Amino acid sequence: MSTAKQMIIDNLSNISDDIQDEFEVMENLYKLLRYQKSVQSIKENGGHSSEEVRMMFQKKHAERKLTI
């Protein structure tokens, strides 16, 4: 079995039984998988503080103003 398929099967039990629509099930699976991938990425590569992210966006914003 593929890794992706196994991950989906493992995560199906984490989805609420109240969900009736197939689209909602797929959307919740997608969100769970993206969240897990993000957590794994942070564990492996580290993350940024809120201040670091703010500074990165301010720098990008300033660079855009210079090109206009």
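Read from the N terminus, the elements of the protein run α-α-α. Its radius of gyration is 18 Å, well over the 11 Å that the globule rule gives for 68 residues, so the protein is more spread out than a compact globule. The model is predicted. Its secondary structure comes to three helices and zero strands.

**Overall shape and surface**

- Taken along the principal axes, the C-alpha atoms fill a box of roughly 50 × 30 × 20 Å.
- Buried residues make up 6% of the 68 residues.
- The protein exposes about 6,300 Å². Carbon and sulfur atoms supply 56% of that area.

**Charge**

- The protein carries 10 positive and 11 negative side chains.
- The centres of these two sets lie 13 Å apart.

**Confidence**

- The mean pLDDT of the protein is 86. A pLDDT of 70 or more is reached by 97% of the residues.
- Helix H1, residues 3-12, has the lowest mean pLDDT among the elements, at 80.
- Helix H3, residues 50-67, has the highest, at 90.

**Helix H2 and the residue after it**

- Helix H2 covers residues 22-45 and has 24 residues.
- From its first C-alpha to its last, H2 reaches 34 Å. That is close to the 34 Å expected at 1.5 Å a residue.
- An α-helix has 3.6 residues a turn, so residues three or four places apart point the same way.
- Gly46 follows H2. The phi of Gly46 is positive, near 80 degrees.

**Lys37, a residue of H2**

- Lys37 lies in helix H2.
- Lys37 has a relative accessible area of 53%, so it counts as exposed; the cut-off for exposed is over 50%.
- Lys37 and Ile19 are 18 residues apart in sequence. Their C-alpha atoms are 23 Å apart in space.

**Glu63, a residue of H3**

- Glu63 lies in helix H3.
- Glu63 and Gln20 are 43 residues apart in sequence. In space they are 47 Å apart, C-alpha to C-alpha.

Conventions: Residues numbered from 1 in each chain as written. Heavy atoms only, no water. Helix = DSSP H or I, 4+ residues; strand = E, 2+ residues; numbered from the N terminus. Rg over C-alpha atoms; globule rule 2.2 N^0.38 Å. Buried < 20%, exposed > 50% of the residue type's maximum accessible area, 1.4 Å probe, protein only. Areas by Shrake-Rupley, 256 points an atom, 1.4 Å probe, with all protein chains shown as cover. Lys, Arg positive; Asp, Glu negative; His and termini not counted. Charge placed at Lys NZ, Arg CZ, Asp CG, Glu CD. Expected span 1.5 Å × (residues − 1). pLDDT = per-residue confidence, 0-100.
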